[in-house]
Number of protein chains: 2
Amino acid sequence: MNMEMKVLPTAADIDAAAHRLAGVAVRTPLVNSPALDERLGGRVFLKAETLQRMGAFKFRGAYNKMAQIPQAARAAGVVAFSSGNHAQAVAEAARLLGMPAVIVMPADAPRLKRERTAALGAEVVLYDRDRENREEIGRAIAQKRGATLVSPYDDPAIIAGQGTLGREIVEDLAALGLKPDLVVVQASGGGLAAGTALAIKSAVPSADLYTVEPEGFDDTLRSFRSGHREANTRMSGTICDGLMTPMPGELTFPLLCGLIGKGVTVSDEEVGRAVAFAFRELKLVVEPSGAIGLAAFLERKLDVRSKTAVAILSGGNVDTDLFCRLICA
Amino acid sequence: MNMEMKVLPTAADIDAAAHRLAGVAVRTPLVNSPALDERLGGRVFLKAETLQRMGAFKFRGAYNKMAQIPQAARAAGVVAFSSGNHAQAVAEAARLLGMPAVIVMPADAPRLKRERTAALGAEVVLYDRDRENREEIGRAIAQKRGATLVSPYDDPAIIAGQGTLGREIVEDLAALGLKPDLVVVQASGGGLAAGTALAIKSAVPSADLYTVEPEGFDDTLRSFRSGHREANTRMSGTICDGLMTPMPGELTFPLLCGLIGKGVTVSDEEVGRAVAFAFRELKLVVEPSGAIGLAAFLERKLDVRSKTAVAILSGGNVDTDLFCRLICA
């Protein structure tokens with residue numbers, strides 16, 4: 001274990017990440033919709049991270065982590081285990097940095113995701129979801145090749161990278177003469193939530209933050225209540241496929257406790273309605289995990305009236321079939 | 001006839017329009033996609049006017065026109081004939097300015113469009129597309145009530161309002177240290193094309209501009225070639241329902257000739273592929289008429305290699321069924 005793994009990131013790490021990402025990541029727009037504002041009675045802003053490289057926020061953390069790998073270690077490459085947005089983010093960052101990448105994916109991952117990852121130049125290693133452990137496979141490959149393992153969230157460089165998104169929210173609101181009163185951020189492993197909270201609270205201590213999770217996958221909320229990391233009881237059964245990690249991260253959880261400490265949950269049906277709303281009213285393609293914060297606002301789980309409120313549209317990688325089902329519902 | 005109708009707008013009119021629209025219209029983002037840049041070998045920017053009020057650029061012109069109606073004439077309201085984005089733009093501007101609005105629509109217009117227009121507080125007057133003339137009906141209502149007719153394009157205030165979009169393109173590129181080399185703009189009545197061209201050419205005379213039209217509805221391109229206004233032979237038969245006006249406008253055509261003078265055409269199939277590309281790769285919901293400029297780039301009708309190139313995603317109001325058909329194709 002690398003001792004660096006245990007050091008919590010700071011706002012200065014987010015500043016450094018922002019410099020690393022400048023000109024590489026997309027500086028995604030903070031979208032405002034008069035129709036949404038009128039409907040909810042507040043000034044609602046949506047961080048359209050759907051427009052990020054590879055269609056999700058994950059590129060920020062992956063690139064920030066990988067750009068710090070010393071030159072001598074780059075030839076050995078990186079390893080990641082993911083079938084989702086993290087896989088493609090690591091593959092894309094590796095491509096840009098000229099490093100080899102191995103992505104460990106379940107053998108039953110959608111063909112499109114395997115093909116897209118391979119098309120970026122990454123080597124895809126498949127495992128049997130029922131009989132093999134992806135972490136063990138990933139660690140074994142990393143050890144054998146001397147490659148760097150890129151964790152999806154429990155790494156200070158990943159957290160700082162995702163935090164650049166929060167930094168941009170603060171900057172873009174300031175340019176309009178505004179400060180965030182209320183921010184809702186989706187929590188899974190907690191990299192996005194911890195990084196965003198760190199950036200926002202260090203710039204605007206008065207900002208009120210909430211996590212949002214799918215009903216039945218509220219490990220973070222239950223962990224806030226018990227004071228220690230609780231696990232999800234299931235690992236399938238929500239359309240929010242990006243929000244099903246086993247439990248909050250070792251590194252992210254103390255940050256989430258200190259900076260957020262409270263949250264809400266949203267049902268799949270409510271998330272589906274938010275995806276359809278984003279299509280119909282905002283003209284944005286948002287995956288279910290990406291629409292859950294918007295759903296919390298639309299369903300009045302959080303009261304944004306008279307507030308400057310922000311939700312993060314964290315990604316837009318949704319299967320065509322599912323998307324059409326949701327927007328036709 | 002109002003003599004004002006014959007005066008061509010200038011860049012100063014666009015500046016004045018920008019001040020009128022500040023804080024009312026959405027300052028839509030100029031979106032950049034690294035994936036698109038790599039695919040096309042240029043720096044491609046997309047003006048995401050899909051995120052405008054009512055999901056299309058039309059609000060700019062309508063509000064700029066209507067905000068200039070003298071207070072004494074406001075109580076009599078406005079009249080417009082349109083079943084598309086102009087109808088909702090006029091209804092929305094009227095709502096914001098506290099004016100009554102009558103929208104003349106064909107009786108067979110989609111129920112959703114009628115309901116949406118009515119929900120904005122406008123009075124919807126239906127006519128029989130086969131037996132009645134919408135212009136005559138609109139003019140009769142305007143005359144009877146003393147209401148102001150809001151033309152969809154052939155009015156200097158409308159052209160100047162749409163031109164604010166071009167002004168923002170120039171400003172946002174300048175903030176990145178860039179100037180537009182190549183701009184493609186969809187042409188129908190020509191309000192968007194004329195206004196955008198005026199804004200861009202007055203700031204960046206070296207910019208190279210092209211119109212883009214659906215195959216078979218290339219009245220503007222044929223008019224460029226003949227030197228006078230040619231009519232479309234059909235008024236149905238393309239998925240680009242926003243690009244089927246009878247011929248270039250009286251006022252817009254001289255501007256288009258002087259500032260653009262050349263154009264390309266794109267087939268419905270190519271437009272459909274661009275809609276699907278925008279969904280899959282850009283995570284943006286774009287209606288066919290809005291995706292036609294992007295299609296011209298993707299299909300290499302215009303060469304953007306090594307250039308700073310701009311297309312306008314002019315609107316995102318697409319029926320769910322058609323959208324799903326296009327993205328599943």
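How many salt bridges are there between chain B and chain A?

## Before we start

This is a predicted model, where local features need pLDDT of at least 70, side-chain atom pairs count only at pLDDT 80 or more, and totals for chains, interfaces and linings use all residues. Residues are numbered from 1 along each chain, chains are lettered from A in the order in which they are written, and side-chain values use heavy atoms, without hydrogens and water.

## Where the chains meet

The count between chain B and chain A is 4 salt bridges (a side-chain nitrogen of Lys or Arg within 4 Å of a carboxyl oxygen of Asp or Glu). One joins Arg95(B) to Glu38(A), with the closest N and O atoms 2.7 Å apart.

Chain B brings 28 residues to the contact and chain A brings 27 (contact means heavy atoms within 4.5 Å). Together the two chains bury about 2,300 Å², with 64% of it on carbon and sulfur atoms; buried area is the accessible area (1.4 Å probe) that two parts lose on being put together, summed over both.

## Two helices in chain A

Now look at helix H12 (residues 268–282) and helix H13 (residues 288–298) of chain A: their axes come within 8 Å and cross at roughly 90°. Axes are lines fitted to C-alpha atoms, for helices over the stretch in contact, with angles from 0 to 180 degrees between N-to-C directions. Helices are DSSP runs (H or I) of at least four residues, numbered from the N terminus. H12(A) and H13(A) are therefore roughly perpendicular (65 to 115 degrees).

Among the residues that meet here are Phe277(A) and Leu282(A) in H12(A), and Ile292(A) and Leu298(A) in H13(A).

Terms used. Angles under 35 degrees count as roughly parallel, over 145 as roughly antiparallel, 65 to 115 as roughly perpendicular and the rest as oblique.
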